[in-house]
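Please report on how this chain packs.

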Amino acid sequence: MTAIESTDVLVIGSGFGGAIAAYHLAAGGARVTVLERGPWLTADEFDHDFLLGSSYTRIFDFVVGDGMSVLSGNCVGGGSVVYFATMPRAPRFVFERRGSIGRRMWPAAISRDTLEPWYDRVAEALPVRLTPWDQVPFAGGLFAAACAHAGRTANPAPSAIDLDLCTNCNWMMAGCKFDAKRSLLLNYLPAALAHGAEIRPMHEVQYLSRNDDGGYRVHYRIVDDLDYRVLHDEGAIDAKIVVLAAGAGATPVILQRSEPRLGPMPHAVGRYFSGNGERLNTAVFDEDRVREVLGLTRDGGQAYAAYQIGRGPTVASWDQLDGSLPEYERFSLEQLYFPPGLGTILAQAPDATGPTWFGVEKKEMMQRWQSWLTIFTMSEDDNEGVFGPPPETGNSHRLSQQMLGNGPLRYHPTANTWRGWSLSDAAVKDTLERDGLARVMPWTNDLVGAYTVHPLASCRIGDDPATSALDDGHQLRNHPGIFVTDGSAVPGALTVNPAMTIAALAERAMPGIVRAAQERGVSVRYGAPSPEGETASRRAVPRAA
């Protein structure tokens with residue numbers, strides 16, 4: 001018989017929602033255990049290659065659904081280890097969105113103003129800084145120059161990057177070897193460890209059950225270090241409070257699989273999924289026109305040919321983030337580096353007479369990859385994603401040793417969502433094709449459907465029980481003591497990178513979660529300082545359980 005362990009608080013997932021919860025609860029005196037389904041890597045283990053078994057395949061989860069594919073983090077630190085560290089705050093109009101339900105999606109208690117102090121707290125902890133123009137890499141400068149030429153504005157984006165440590169290697173999506181990217185491995189997680197929290201990698205939570213005392217039992221399996229399709233020992237941990245932060249593609253699956261043991265889930269669990277309205281275009285620039293039209297050159301007399309040099313997004317155009325515009329016509333455009341692999345497979349050959357994603361013309365396009373520029377759109381969608389029946393284990397049917405799976409998400413874009421995508425595609429084309437600068441083509445939806453790196457809203461907060469799984473304190477409706485603090489709690493698309501908002505919402509939820517723990521007999525208090533202040537020199541490193 002499997003031994004049952006116990007803790008005060010069990011946190012599922014170690015991304016922004018999980019790490020923030022683990023820190024505050026551990027710092028407040030609670031016994032905290034964090035279960036993470038992915039590996040625990042440190043800076044020296046992040047690889048600059050794409051080989052099977054490298055960090056690139058080990059720390060990602062790419063799940064292909066019906067009409068939508070989701071790329072997310074699968075490691076201690078979650079999405080913060082694989083993100084590009086772009087951390088804008090959501091525009092004010094986002095909190096007034098009505099979306100597909102025809103009325104305000106966000107809880108009445110939350111607005112840009114009420115969230116502002118929680119944004120400030122995250123900005124201090126990571127920290128978040130604005131990239132100065134003299135440290136914007138070539139690709140960002142090219143995008144800014146093209147925007148100016150087209151009569152658009154462009155702005156450096158706030159980011160959680162230590163620019164003194166950054167080498168512009170453009171491998172940050174596979175984990176930062178230089179600790180320049182301020183992932184959760186450098187702040188909230190080491191602070192949680194310093195206060196006694198325990199982090200267990202390669203532990204995949206399967207379901208929750210309820211105990212007679214009103215607490216919960218969390219059931220997990222051990223994931224094989226090399227082949228994620230293989231599950232080893234199983235175990236269970238009892239907890240008085242459970243914080244789900246497994247990500248918008250996994251949290252609803254865990255709850256759906258738990259329903260036979262916990263009882264009915266709120267209607268919104270696994271519904272209203274949003275891909276943050278995301279869309280990608282690839283532009284292939286004419287080097288001569290870049291020199292002649294924009295007047296750009298760099299060392300060696302080249303005009304650009306520097307797609308591979310930099311650190312992901314540094315410059316964005318926010319011209320369409322205007323609250324007076326109709327819903328579904330508001331979007332941001334962001335220069336992005338999407339590394340070889342998926343990025344080169346899905347990029348389309350502009351104006352191809354044959355197939356756009358493979359063939360002779362695609363091969364010719366690939367030969368000019370240093371002259372590419374990828375533009376990332378974040379718009380407003382209709383929350384049309386729905387999760388079907390959960391797989392037997394995990395959040396997908398794993399198809400390969402690492403990274404790739406087939407999941408239960410169904411997503412068929414509505415006319416509203418397509419309107420946002422079409423308008424943003426047209427804006428990208430108008431901006432970058434002026435005076436023959438480049439040729440532009442959207443990524444294909446033919447192979448894996450739409451795609452998102454910022455999944456949201458599959459267990460969202462709200463005031464209406466019919467359309468929200470969580471109350472405004474992030475507690476799962478009809479299941480006291482279970483909280484959700486990851487991207488699945490965000491009500492809908494944000495039109496900007498969501499990590500800052502996910503983190504701010506998690507910070508905001510913590511006083512209420514602490515009170516709930518106190519009511520359940522946990523000796524814990526709220527009020528820990530910013531983790532950066534006490535752990536600036538520490539790193540989250542694996543240690544024996």
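A crossing is left-handed if the near helix is turned anticlockwise from the far one by less than a right angle, and right-handed if clockwise. Helices (H or I, at least four residues) and strands (E, at least two) are DSSP runs, numbered from the N terminus.

This is a predicted model, in which local features need pLDDT of at least 70, side-chain atom pairs count only at pLDDT 80 or more, and totals for chains, interfaces and linings use all residues. Residues are numbered from 1 along each chain as its sequence is written, and side-chain values use heavy atoms, with hydrogens and water left out.

**Helix packing**

H1 passes H12 in a right-handed crossing. Their axes come within 9 Å and cross at roughly 35 degrees. Axes here are lines fitted to C-alpha atoms, for helices over the stretch in contact, with angles from 0 to 180 degrees between N-to-C directions. Contact means heavy atoms within 4.5 Å. On the H1 side, the residues that meet H12 include Phe16, Ile20 and Leu25. Their partners in H12 include Ala499, Ala506 and Val514.

**Nonpolar cores**

A nonpolar core is a set of buried Ala, Val, Leu, Ile, Met, Phe, Trp, Tyr and Cys residues joined through side-chain atoms within 4.5 Å. Buried means under 20% relative accessible area, exposed over 50%, and partly exposed in between (1.4 Å probe, protein chains only). The largest core has 160 residues. Those with the most contacts inside it are Leu25, Val32, Met87, Trp106, Leu208 and Leu432. Helix H12 (residues 499-519) gives the most to this core, with 13 residues. Another core, of nine residues, lies apart from it; among them are Met68, Leu409, Trp421 and Ala450.

Beyond four places in sequence, Leu208 touches residues including Ile12, Val242, Arg261 and Ile482. Arg261 also lies over the face of Tyr207, at 3.7 Å from the ring centre. The charged end of Arg298 sits over the ring of Phe138, 5.0 Å from its centre. The rule for a charge over a ring: NZ of Lys or CZ of Arg within 6 Å of the ring centre and within 35 degrees of the ring normal.

**Aromatic pairs**

Rings of Phe, Tyr and Trp (its six-membered ring) pair if their centres lie within 6.5 Å; planes under 30 degrees apart count as stacked, over 60 as edge-to-face and the rest as tilted. The count comes to twelve aromatic pairs. Two of them are tabulated.

| Pair | Centre distance | Plane angle | Class |
|---|---|---|---|
| Tyr23 and Tyr188 | 6.0 Å | 70 degrees | edge-to-face |
| Tyr56 and Phe60 | 5.4 Å | 65 degrees | edge-to-face |

Tyr23 in helix H1 (residues 16-27) and Tyr188 in helix H6 (residues 188-194) are 165 residues apart, and the pair links distant parts of the chain. Tyr23 is buried, with a relative accessible area of 0%. Tyr188 is buried, also with 0%. Tyr56 and Phe60 are buried too. Elsewhere, ring pairs link Phe273, Phe387 and Tyr411 into a cluster.

**Single residues**

Is Thr467 buried or exposed? Thr467 counts as buried, because its relative accessibility is 11%. Thr467 sits in the loop between strand S20 (450-452) and strand S21 (482-484).

Lys429 is in helix H11 (residues 415-432). At 36% relative accessibility, Lys429 is partly exposed. Its C-alpha atom is 8.8 Å from that of Asn281, 148 residues apart along the chain.
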